[in-house]
Amino acid sequence: MKIQILGTGYALPDRILSNADLEKMVETSDDWIVSRTGIRERRISEEDIATSDLAYKAASIALNNAGITAEDLDLIIVATITPDMPMPATACFLQDLLGATGAAAFDLSAACTGFIYAITTAEHFLLGNDYRYALVVGAEILSRVTDYTDRSTCILFGDGAGAMVLGKGEGENGILATYLGSNGAGTSLLYIPAGGTRHPASQETVAKRMHCMRMQGHEIFKFAVKTIPECASQVLRRASLSIDDVDHIVFHQANLRIMKAAAAKMKVPWERVLVNIEKCGNISAASIPVVVAEAVEQGKIQSGDLVLMVGFGAGLTMGAALVRW
Ligand code: ACO
């Protein structure tokens, strides 16, 4: 028995923040942003939208594509670093919006690797007990934790949600292998200083923009290019497959140059890499499931294809999942 992906869905806000818009906000240029990151625009949520609202849209589409209803769900996991509130879990808000009354629901925090952590967790829940269906969502409104006076970060991030419905199936299709890792020595490279117990919210934390992301971009860049091939090797080895067997690779969409460098290191033809960073930017935990759901919708990912997903992010966390679609 394997755990299969039964349906996918995604939701992106309509509002676009272009590089031209950012040129008016900070000292930057379209040319710098495109050449350094590959990003041309990102989607930004309206003020009255919360993370669970985006998650609900993506999840509803995934449930529909899976051919099941919310009442069928046994488990909901939302991977996010931008929850609706610190408490309760965004997964509980989502559960209520969906009417998934029979499901357990919790959030998972692993930053941009969150979706890989979440499907790995869901796979183990499904294999380990009598759960039939799990909904896994990566959802973020990063625009609410982005400092739009800091040109080194505000050019990168956007909002969105991607979802997958997982269930049990016989045969060769499904999750073949997963790998998760973490290096807590790198916590200071990418973080949101305030809002937790270390620096509770105060006038000072707000004034100093301590509720926004801070990043040492160059260090993250080096970490990503080194880590991606290592994560890919782990899952390929566990599944006794080679990189040449892979039909589609989905990297966390953080920077086009990171993806190109990693693909070159792995000797993967660029045509096999699925990319949407030019129009979405970096949407953290939502990045991988949005790319996958778009590719499924466009018919690029077909049944039987071997799909390799690789994530990395704050923590520093890292992980990969290999799926026979
Ligand atoms: N426009 C113009 N100039 C800029 C901008 C900007 N938006 N941002 C920085 N610069 C300047 C810097 O000030 C610096 O100027 P200086 O040489 O006069 O000091 C120069 O450009 C080079 O800066 P670097 O930071 O060295 O530029 P780099 O090529 O490393 O690109 C970037 C920066 C795009 C942030 C890159 O490091 C990157 O993408 N890193 C990875 C980030 C990432 O993946 N983060 C997400 C991880 S996932 C998660 O968990 C959320």
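Student: In strand S13, which residue is the bridge partner of Gly 181?

Tutor: Good place to start! This is a predicted model, and in it Gly 181 has Met 318 of S13 as its bridge partner.

Student: How many residues lie between the strands in the hairpin of S12 and S13?

Tutor: Three residues lie between them. Look there for Gly 315, which takes a positive phi near 145°.

Student: What is the order of the strands in the sheet?

Tutor: The order is S8-S13-S12-S11, an open sheet of four strands with mixed pairing. S8 and strand S11 (248–251) are the edge strands, since each pairs on one side only. On average, neighbouring strands are turned by 10° against each other, direction ignored. Helix H11 (residues 287–297) packs on this sheet and touches S11 and S12. The direction of H11 makes about 150° with that of S11.

Student: How should I read the two faces of a strand, and are those of S13 covered or uncovered?

Tutor: The general idea is that side chains in a regular strand alternate between the two faces of the sheet. In S13, both faces are covered. One side has Thr 317, Gly 319, Ala 321 and Val 323, the other has Met 318, Ala 320, Leu 322 and Arg 324, and all are buried.

Student: Why is S13 described as largely enclosed by the rest of the structure?

Tutor: Because eight of the eight residues of S13 (residues 317–324) are buried. Here a residue is called buried if 20 or more other C-beta atoms lie within 10 Å of its own.

Student: Now the helices. At what angle do H3 and H4 cross?

Tutor: The axes of helix H3 (residues 51–66) and helix H4 (residues 90–98) cross at roughly 50° and come within 9 Å. The two helices are therefore oblique to each other, and H3 passes H4 in a right-handed crossing.

Student: Which residues make the contact?

Tutor: From H3, they are Thr 51, Ser 52, Ala 55, Tyr 56 and Ala 59. H4 brings Thr 90, Phe 93, Leu 94, Leu 97 and Leu 98. Sorted by class, the contact has seven nonpolar, three polar and no charged residues.

Technical notes: Residues numbered from 1 in each chain as written. Predicted model: local features only at pLDDT ≥ 70, side-chain atom pairs only at ≥ 80, totals over all residues. Buried ≥ 20, exposed ≤ 12 C-beta atoms within 10 Å, placed from the backbone. Pairing = 2+ DSSP bridges. Axes fitted to C-alpha atoms, helices over the stretch in contact; angles between N-to-C directions. Parallel < 35°, antiparallel > 145°, perpendicular 65-115°, else oblique. Left-handed = near helix turned anticlockwise from the far one by under 90°. Contact = placed C-beta atoms within 7 Å. Nonpolar A, V, L, I, M, F, W, Y, C, P; charged D, E, K, R; others polar.
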